[in-house]
Amino acid sequence: MSELVHDLGIPLRFTPWRTTSRYVHWFTREHGRIVTLIRGALRPKSFHLGQCDLFATSDLVFYRRAGDAIHLLRECRLLRPRPSLRTRWAAASAASAAAELLLRALPPSAPHPRLYDLTSRWLDALGDAPCPETALVWFELRVLDLEGLGPKLDRCAGCGRTHPLPSEAAFNPAAGGLLCGQCRAQRADQRGISIPLPRAILDALSAWRHAGHPTHLPAPLPPRLLHPLSDAVGAFLRFHLHTTLPGRDLMLEVLREASPDRFALRPPPLTMDSNGRVAKLADAQDLGSCGAIRGGSTPPSPTRPAVAGSPPAGCPPPPTNIPTETSP
Ligand SMILES: [Zn+2]
């Protein structure tokens with residue numbers, strides 16, 4: 001027996017079924033995490049074609065079945081497409097890591113409207129976030145708070161000692177947050193690893209705890225602070241969710257190590273530097289100050305403006321047989 005219900009939903013994952021159908025893993029506002037089957041979703045004349053997309057919000061009507069069964073989608077209409085997540089690969093990567101977290105943290109069919117609203121607003125802001133990794137870590141901490149698993153940051157998780165914690169305080173996922181030096185020494189031979197974090201990171205964490213709206217995401221942290229913080233939060237998530245997060249690990253690896261011209265959807269602009277060599281301008285708009293661009297590039301010298309189309313003497317001429325989409 002099934003009933004027809006209406007809800008708002010954000011697709012977190014697509015899974016193909018047979019040749020033209022697929023399962024959609026939704027985070028819905030009133031029904032939590034659910035899975036629906038869309039029959040014929042990929043047929044050219046399907047009513048649902050283009051009406052649901054990853055990280056976009058859709059209005060949906062589906063036949064709800066009892067328990068954790070797969071529900072059958074009847075109607076779907078795209079409400080908020082979030083096009084910036086289609087053009088900024090770094091932001092889309094952060095959204096993918098957030099989707100992985102929600103898929104693993106949320107029990108099926110358990111409504112969580114506050115977390116849904118947070119996710120929706122965070123996705124709205126993510127497209128313009130200057131540093132997707134900072135935005136992701138902020139989101140993860142908020143999810144932990146809403147799930148009742150937030151790390152203890154304002155006092156020692158062992159003895160309850162409050163700030164100011166001494167400089168030897170460390171972040172211990174197994175203990176549930178920060179440990180003072182004394183508790184850290186007592187737990188040295190127990191399970192869990194304490195992660196030393198600089199005072200600046202602890203201050204940032206405390207500020208984030210009270211900052212709190214997705215439209216006011218925290219300012220990007222420099223890589224020397226952001227990367228250890230991100231790794232510590234990742235260790236906390238893995239320990240308390242009893243799972244791995246391979247998508248998150250891959251996303252951080254790509255963000256920190258990859259050259260943007262390999263993954264950018266739009267080719268980066270090219271120019272000549274002061275020595276007559278082709279230099280690539282850093283796509284700072286996409287990666288912000290995350291430090292994901294390694295090496296970067298040097299902007300053209302103000303005394304020798306870039307010249308397009310006429311390479312200086314000594315440079316090989318540009319190739320003339322570059323294939324195009326219309327070439328056979
Ligand atoms: Zn303590």
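**Close-ups of a predicted model**

**View 1. Helix H4, mostly under cover.** Twelve of the 15 residues of H4 are buried, so the helix is mostly covered (buried: 20 or more other C-beta atoms within 10 Å of the residue's own, with C-beta atoms placed from the backbone; exposed would be 12 or fewer, partly exposed in between). This is a predicted model, where local features need pLDDT of at least 70, side-chain atom pairs count only at pLDDT 80 or more, and totals for chains, interfaces and linings use all residues. Residues are numbered from 1 along each chain as its sequence is written. Helices (H or I, at least four residues) and strands (E, at least two) are DSSP runs, numbered from the N terminus. The buried set in H4 includes Trp 138, Phe 139 and Arg 142. Among the elements covering these buried residues are helix H2 (89-105), helix H3 (113-126) and helix H7 (223-241).

**View 2. H4 from end to end.** How far apart are the end C-alpha atoms of helix H4 (residues 132-146)? They are 21 Å apart, which agrees with the 21 Å that its 15 residues should span at 1.5 Å a residue (expected span: 1.5 Å times one less than the number of residues). After H4 comes Gly 148, with a positive phi near 80 degrees.

View 3. Strand E1 (residues 2-17) and strand E2 (residues 21-28) run antiparallel, joined by eight bridges (strands pair if DSSP finds at least two bridges between them). Ile 10 has Phe 27 in E2 as its bridge partner. The hairpin of E1 and E2 has three residues between the strands, and there Arg 18 takes a positive phi near 55 degrees. E2 also pairs with strand E3 (residues 32-38), again antiparallel, over seven bridges. Tyr 23 has Leu 37 in E3 as its bridge partner, and a hairpin of three residues joins E2 to E3.

**View 4. The largest nonpolar core.** This core has 65 residues, and those with the most contacts inside it include Ala 91, Leu 126, Ala 135 and Leu 179 (a nonpolar core: buried Ala, Val, Leu, Ile, Met, Phe, Trp, Tyr and Cys residues joined through C-beta atoms within 7 Å). H2 gives the most to this core, with twelve residues. Domain 1 (2-81) and domain 2 (90-260) both give residues to the core, so it lies between them; the domain bounds come from an automatic or database domain assignment.

**View 5. Around Ala 91.** Leaving aside neighbours within four places in sequence, Ala 91 is in contact with residues including Ser 84, Leu 126 and Pro 132 (contact: C-beta atoms, placed from the backbone, within 7 Å).

Conventions:
Two residues are in contact if their C-beta atoms, placed from the backbone, lie within 7 Å.
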